[in-house]
Structure formats: C-alpha cells, structure tokens
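I opened the model to look up a few things and wrote down what I found. The entries follow in the order in which I made them.

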Amino acid sequence: MQKKSLRTDDSCREDIERYSDMVYKLAFSLLKNEYDAEDVYQDVFYQYLHKNPVFQGEEHKKAWFLRVTINRCRNFFHTAWMLKVMGIQKSGEVEETMPSPSAEEEALKKEPDKLIELVKTLPQKYRVVIHLFYYEDLSIEEISSILKKKPSTVRTQLTRARALLKEVLKEDFYVS
Amino acid sequence: MFREDYQLAYKGIKVSEELKKKVLLEAGEEKHAKRREWLSPVVMAAVMIICLCVSVPAAAENVPAFYRIVEELSPKLADTLVPIEEECEEKGIILCVEAVNVQGNQAEIILSFRDGEGYDKIHGEVDLFDSYRLTSLGGNGNVGGCSFLKYDEETDKAYFKIDLRADEDFSREKLTVTVGELLCEKSKEEREIELSEYLLTETEYGIRKVTVNGKSWNDESWGKLEEMFRAEKTGEELPDDPRPAYCVMDIECKDKIQQDEQVITGIFYRDGILKIQTCNGDLTKGDRHVQWKFRNEKGEELTILGGVGWKEEIDGKRYDFEETWFEGSVENLDECQLLGTFYESKESVRGNWKVTFRLQQDTGENDSDRIR
C-alpha cells in the first residue's frame, strides 16, 4: 500500500525553516554563486511541497534534502546556459582545474570569505564531500549513502580533496 | 582547525529572508492547491458519473446489442435504463398503448391518440405522416408497420395498429414506438373530375425539368417510368443540384393555385400515357394528397405507373406539386372518367411521442390480449 505523508501545514513550515540554510549553503558551495544557489533552493522546496515525500525520520528527511539539492545542482550544470558558461570558463582554464598560483595567492587569506573562495576552486566532486564532511558533519557512510557511492570512493575523494586543500591553503589552514 | 574555519565561513552564507518568505508563502498556497488537487478527482468522478448516467441509458435505448446484454444481466437494470412507459402526452395529445397481443413470433399492438385535458385536436382520422419509428430492444430481426385503424367517436380516440413479425418467438423484449408528427382533422372526399376543364391541347402542352422531392413507382413500372420520365429531354443532372431532374408538364398556373387548397393544374394524354398534375398548396401547413382512378371509354382502369412530387416558390410562397402518370389505351377522352379521392389534413402537430412496452409472450392463463 502506498504510504501517505501526514505532514501538516505547520510541519511544512518547520521543515522549511530548519533546512533552508542547509539547502542554500550546499547549493552555494556547489554552484559558487548566490543567484544559482537561490534557484536551486527554490527548486528543492518546490519539489518538497509538490512531491509530498514520506520520511522515516529526521535523519532521512535531512538526507533527502541534501540528496535532492545535490541532484538539482548537477542538473543545473547540465543546462544549456551553464554548459555555455562553463565552456567559457574552461577556455580560461579556471573551472574544474586547480587554481593557478596567482589565484592561490590571491585567495590565500584567513578571512572566512576568502576560505570559501579557495574551496570554490576545487572541482565540484570534491566540494561536495568537503561541504558534507566539514560543514554538515556527516560520516563517510552517510555521505556515501547520499551520493550513492561506495564509502571507499567517498573516502578517496575526501583524501584527494584534503590534499588539494592543503596545497591551496598551505599552512594557513590546517586540514584534518 | 579547518572544520571550525569552514563552518565559520559558511555561517554567514544564508538564504535571504525574502526568498524564504516566498517559499513559506508557497507552502501556504500549497495547502489550498492540495485541496484543489483533492477536489479535482472528485470533480472528475462527478463528471464521469454524469457521463455514465447519460450515456448508459442512451446506449441501452439506442444500441440493441448493449440492451440485450443489460437485459441478460439484470432485467431490473434494463427497466431502469429503458423504463416502461405506456402513455405519453405532448402538445395536448396523448399517445397510449391500448393492447398488446403476442402469439409466437407475431405481435399486434393497438395504440391510441386522444386529446389531453383542455385540448380538442383529435376528432377524426389521424395520419402519422410516416413519422413513426419502431425500435425493438432485445429482439432479433423484427419487421412491422403501423396503420390507422379507426376513429371512435364515443371515446374520442384515434386507434392505430402495429403488426410485428420476428425471426424467433417474442420472449420479453421491449418495443419503443416514437411518433414525430400527427396530421389531424383529416378529411376524405371522393368526386368525379370534369376532364374537359383541365385537358391541355397539343399546343398548350410543354415540359420542363424539375428537381423532385420524392417519387413513387408501381413495382412493375419502375424501369419503364424512369425511362419515360427521362426520355423527354432529360437524363441530365441539374448543374447546381446532384439530385436527378425529371420532366413534368410546364403549365402556367400562377393564378389558379392556392396555398391551402388542392388544385388540378392540367391533364394531358398522348401515346398511351396520361398525365395529371396537381398543386397541393403548402404541405408544411397540412397534408393534401389524392388517389386517382382513370377509366377509359370501355370502362377499363388505366394502370398507374407512378408519380413525382416537387416544390416551387412562387411570389415568395411555397407550393407543392405532384404529377401522376397512367398507362393505357384511350380512344375518346370525352367518354373517359376520372375519379379522385382527396385527402386533407388541415392541422399538422409536430412532437415527440414515445411509448415503451414489453412484447411478452402470452402464457395462455389469461386472455390472449393485455387490454389496458
């Protein structure tokens, strides 16, 4: 028998209040600008409101929001507009590659916004694991479940991400 | 530590309150939208129920095969879908099933027309003007017809009889009789026509092409009459009308004809063919027709080959004409006799009278007729 959501209007509002920032921050970390992050944010909650998903618990709900946000961001990258923008960026050898030494130096500052800018220079697949691991405090197993990847793959990605970050941040930030 | 620094960095990244409000607002509207979504299937279901309520009875009434299935499954449901209605009043006239007699594969039904309260239209012979329809539900291959039986002054009813014959014995199928038009105040008058008044001379005689509304043939004369009608400069189609054109007598009758009267416009005989043309006035306002008998000087009755009917507009008024053709030998027209039986129904009442009843086999326990 198909399960029905028993959510009320108030529970909807609570969920929006509770997961708004989480969704937005993850989208921002992946898309690297507030405008696109806002679009994804709206898409995620639109889907939540219209699909009326059934959750088995708070953990499940959180995982659902994270997974849907990641999927939306991935879809976002596949849109014609983003492909065009990325094409231009790739011609400048910025996106999906390690930053040039001059950029590193420019970004290498201790202020929080500078840290964000440095992390942004990592490839997207590393940004996801970094954000989920360091901001959302998820375990390797939880991340693997959300990304539907093997824990070993996640662990490898996280290790490489750390290595890249160490390279970028040098001694100013301690990555552990 | 990187973790603390990273979390600190992202602490300031927040969705704008404006956007959050927008989403929260959408969540509020979603509540109503959900109601609409919930209502939508209800509306759809209601529409479907209405469609079923309309289409199923219509299908049962008009698709005999469908009705047979329903009847097999549930006679009660069949009666609900196509109810028995043995009386129907419309335009102040009541159609009633008076009696049903079923014997094997034959059935006789007596119907009557009478005036409703406060009306006075039935007081003589009534003509259905071929506007009746017999629909058998649940039976197989019924054939039949309806004919006027009599007018009873005492009951002030006009009776009709329907004769039906089926391929197999009637069991309990239903018959629906619908009538679309009644011609009331029907009168009949027989009189001898003074031929000399209407005979056309050879010089007066001419033909013209008309597009006919209808034609009638003697069974044996079908091919012959068709050939004769078309032999006289016809056989071609009217350019703006796909119906065949026929030749009729071209008679100047404008001053003679009237919309509410039957007038003989001309009679002509040549080479064994006699033609009689009449104007029956405006047939939309009543029915007028005539049955002819023509006897030659020897007292021999000429064979009616058939005739055609057509309409014309003269001075903005409608007139219906007909021409009848006879075949036979005539030596002396002055000694011949033309008899006409003139039928006239002054009032035409259009409606939709409909009765439905069962053609139930007589069990033999009671009288053979179901008299009502």
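Entry 1, conventions. I took two strands as paired if DSSP finds at least two bridges between them. Helices (H or I, at least four residues) and strands (E, at least two) are DSSP runs, numbered from the N terminus. The model is predicted, so I kept to its limits: local features need pLDDT of at least 70, side-chain atom pairs count only at pLDDT 80 or more, and totals for chains, interfaces and linings use all residues. Residues are numbered from 1 along each chain as its sequence is written, chains are lettered from A and ligands numbered from 1 in the order in which they are written, and side-chain values use heavy atoms, with hydrogens and water left out.

I found five helices and 18 strands in chain B. Of its 372 residues, 41% count as buried (under 20% relative accessible area; exposed is over 50%, partly exposed in between, with a 1.4 Å probe and protein chains only). I then looked at contacts, meaning heavy atoms within 4.5 Å. Among those in chain B between residues at least 6 apart in sequence, 73% join residues at least 24 apart.

I looked up residues 317–327 of chain B, which make up strand β16. Eight of the 11 residues are buried, and the strand is mostly covered. Which strands pair with β16(B)? One is β13(B) (residues 273–279), antiparallel over seven bridges; another is β15(B) (residues 303–314), also antiparallel, over 11 bridges. Two residues lie between β15(B) and β16(B) in their hairpin, and D315(B) in the turn has a positive phi of about 50 degrees.

Is R133(B) buried or partly exposed? R133(B) counts as partly exposed because its relative accessible area is 49%. Not counting residues up to four places away in sequence, R133(B) touches T176(B), V177(B) and T178(B). I also noted C146(B), 13 residues from R133(B) in sequence and 9.0 Å away, C-alpha to C-alpha.

I counted 34 residues from chain A and 25 from chain B in the contact. F2(B), Y6(B) and Y10(B) supply 25% of the area that chain B buries against chain A, more than any other three residues. Together the two chains bury about 3,000 Å², 65% of it on carbon and sulfur atoms; this is the accessible area (1.4 Å probe) that two parts lose on being put together, summed over both.

How many salt bridges join chain B and chain A? The count is one, between the side chains of K20(B) and E17(A), at 3.5 Å from N to O. The term requires a side-chain nitrogen of Lys or Arg within 4 Å of a carboxyl oxygen of Asp or Glu. On the chain B side, α1 (2–11) and α2 (17–62) are the elements that give two or more residues, and α2(B) gives the most, with 11 residues.

Q47(A) counts as buried because its relative accessibility is 15%. Leaving aside neighbours within four places in sequence, Q47(A) is in contact with N52(A), W64(A), V68(A) and R72(A).
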